[in-house]
Amino acid sequence: MSTKVTAILSYFGLILWVVAFVAGDKEGAKFWLNQSLVLTLCSVALSIVAVIPIVGWIVGGIGSIAVLVFWVMGLICAIQEEEKPLPLIGGIEILK
């Protein structure tokens, strides 16, 4: 897979992220693979926080909206092949 296809696929769920990581251009799309993995982990963390009554529901709801906005921003950057980090979470590096 090309770098662009790998970057785009990485944003469409964990299964496609694994496919993009294994079969795609890992070195060329490492930035987007990392960004989408951090975004997925933030989404999982917000899902866990949202279980807490009242405060968790508020934080989870606001956080879910933020994750959706970041997902759209990341997908647009992947389509345009721009390496712009996501706000707030873009500096986190999991893949080296």
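1. The largest nonpolar core of this predicted model holds 13 residues, and those that touch the most other members are Tyr11, Trp32, Leu39, Phe70, Ala78, Leu86 and Ile89. Two elements, H3 and helix H4 (55–80), each give two or more residues to this core. As general background, nonpolar side chains tend to be buried together in soluble globular proteins.

2. Which residues does Ile89 touch, once those up to four places away in sequence are set aside? The partners of Ile89 are Val38, Leu39, Cys42 and Phe70. Of these partners, Leu39 and Phe70 are also among the core members listed in the first point.

3. Ser36 lies in helix H3, which spans residues 30–49. Is Ser36 buried or exposed? Ser36 counts as buried because its relative accessibility is 2%, and the cut-off for burial is under 20%. Apart from neighbours within four places in sequence, Ser36 is in contact with Ser10, Tyr11 and Trp17. Tyr11, one of these contacts, also belongs to the largest nonpolar core.

4. The element that gives the most to the patch is H4, with five residues. Ile52, by contrast, is placed in the loop between H3 and H4. With a relative accessible area of 47%, Ile52 is classed as partly exposed, because that value falls between the limits of 20% and 50%.

5. How many salt bridges does the model contain? The count comes to one. Lys30 and Glu27 form this salt bridge, and their closest N and O atoms are 3.8 Å apart; the pair qualifies because the limit is 4 Å. Lys30 is partly exposed, at a relative accessible area of 25%, whereas Glu27 counts as exposed, at 62% relative accessibility. In general, side chains of opposite charge can pair when their charged atoms come close.

6. Confidence remains to be considered. The protein chain has a mean pLDDT of 92, and 100% of its residues reach 70 or more. Within the chain, helix H2 (residues 14–23) has the lowest confidence, at a mean of 90, while H4 has the highest, at 95.

Note on methods: Residues are numbered from 1 along each chain as its sequence is written. This is a predicted model: local features need pLDDT of at least 70, side-chain atom pairs count only at pLDDT 80 or more; totals for chains, interfaces and linings use all residues. Side-chain values use heavy atoms; hydrogens and water are left out. Helices (H or I, at least four residues) and strands (E, at least two) are DSSP runs, numbered from the N terminus. Buried means under 20% relative accessible area, exposed over 50%, partly exposed in between (1.4 Å probe, protein chains only). Contact means heavy atoms within 4.5 Å. A nonpolar core is a set of buried Ala, Val, Leu, Ile, Met, Phe, Trp, Tyr and Cys residues joined through side-chain atoms within 4.5 Å. pLDDT is the predictor's confidence in each residue, from 0 to 100. A salt bridge is a side-chain nitrogen of Lys or Arg within 4 Å of a carboxyl oxygen of Asp or Glu.
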